[in-house]
Amino acid sequence: MHVACIMDGNGRWAQRRGLPRIAGHTQGEENLAAVVRLCVARNVDYLTVFGFSTENWIRPRKEVRHILSLHKRLFGRVKELNELNVRVSWIGRRFEDPAARTPRFVQKAIRQAISDTSANTGMTLTVAFDYGSRAEIAEAARLLHDRGLQPTIENLAQQMYLPQMPNVDVVVRTSGERRLSNFLLWQSNGAPIHFTANTWPEYSAEDLDQALALARRVHSS
Ligand code: IPE
Ligand code: IPE
Ligand code: MG
């Protein structure tokens, strides 16, 4: 089972409580740690979460800086993740891509988390950071072109950032928005989408169970 979450609504969660938007991101990162535990308890094999998109760089600098530091914190949760037998992975514009924007300190945190959890055999947690599907697909096409290969479905699939990543079984989007926002467009072909009005900091076991039930229903039909 592969669950892919568009973690939306952190800002609104904070604003509704009279807090600055960054407080919502902090709470969102906390809840992600809780959702990881929940997914492990439900035997989810792959959890992929949209942490920061190629479009999100235009946000106010202070907010971006805060979100970057939260990713450092997230990738630093190695002890917890090892206890849960979770393997960390990352998806996003390859660091050597001239258009890539992941700063060095986040690159370092990503590499460290991947290597410190590489022996784990349980769930794979993939964090999408500096990620956008259009950039991913365009880059795949470019690589094929440079190698003189045809852009067949099979060839393109092999040039995605993480070719081994299995197809998504259910996409989740929180906070009532009904958009895909450039997330895993290739990998989630055919997958149902579970929308919840809860914001990401409020995302609960009940929400997850509904999404898993939707995935099973679509799968068995
Ligand atoms: C999702 O929450 C987090 C990121 C996109 C990084 P938002 O920050 O988009 O929250 P809203 O949509 O403004 O409420
Ligand atoms: C999607 O949320 C991106 C992430 C969750 C990282 P946004 O809040 O950025 O999406 P739009 O702009 O509302 O579509
Ligand atoms: Mg949003």
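**Ligand, pocket and cavity**

A: Start with one contact: a polar side-chain atom of R21 lies 2.8 Å from an oxygen atom of ligand 1. A polar contact is a pair of N or O atoms within 3.5 Å; within protein, one must be able to donate a hydrogen and the other to accept it, and residues adjacent in sequence count only if both atoms are side-chain atoms. Taken alone, ligand 1 exposes 380 Å², and the protein buries 86% of that (Shrake-Rupley areas with a 1.4 Å probe).

This is a predicted model, where local features need pLDDT of at least 70 and side-chain atom pairs pLDDT 80 or more, while totals for chains, interfaces and linings use all residues. Residues are numbered from 1 along each chain, chains are lettered from A and ligands numbered from 1 as written, and side-chain values use heavy atoms, without hydrogens and water.

Q: Which other polar contacts does ligand 1 make with G11 and R12?

A: An oxygen atom of ligand 1 is 2.9 Å from a polar backbone atom of G11. For R12, an N or O atom of the side chain is 2.7 Å from an oxygen atom of ligand 1.

Q: Which residues come nearest to ligand 1?

A: A residue is near a molecule if one of its heavy atoms lies within 4 Å of it. Of the 13 residues around ligand 1, the nearest are M7, D8, R12, R21 and R59. By class, the shell has 2 nonpolar, 6 polar and 5 charged residues (Ala, Val, Leu, Ile, Met, Phe, Trp, Tyr, Cys and Pro are nonpolar, Asp, Glu, Lys and Arg charged, the others, Gly among them, polar). Its largest share, 3 residues, comes from α1 (helices are DSSP runs of H or I, at least four residues, numbered from the N terminus).

Q: Where does ligand 1 sit?

A: A pocket is an open set of points on a 1 Å grid over the protein atoms alone, with protein on both sides within 12 Å along at least five of seven lines; lining residues have an atom within 4 Å of a point. Ligand 1 sits in the largest pocket (more than half of its atoms lie within 2 Å of the grid points). About 590 Å³ of space lies in that pocket. Of its 28 lining residues, M7, F50, G51, N56 and R59 are closest to the centre.

Q: What lines the largest cavity?

A: In a cavity, a 1.4 Å probe fits but cannot get out. The lining consists of L32, A33, V36, L74, R77, E80, L81, L84 and L125. By class, these are 7 nonpolar, no polar and 2 charged residues.

Technical notes:
Helices (H or I, at least four residues) and strands (E, at least two) are DSSP runs, numbered from the N terminus. Grid points are joined across faces, edges and corners, and a volume is the space filled by probe spheres set on the points.
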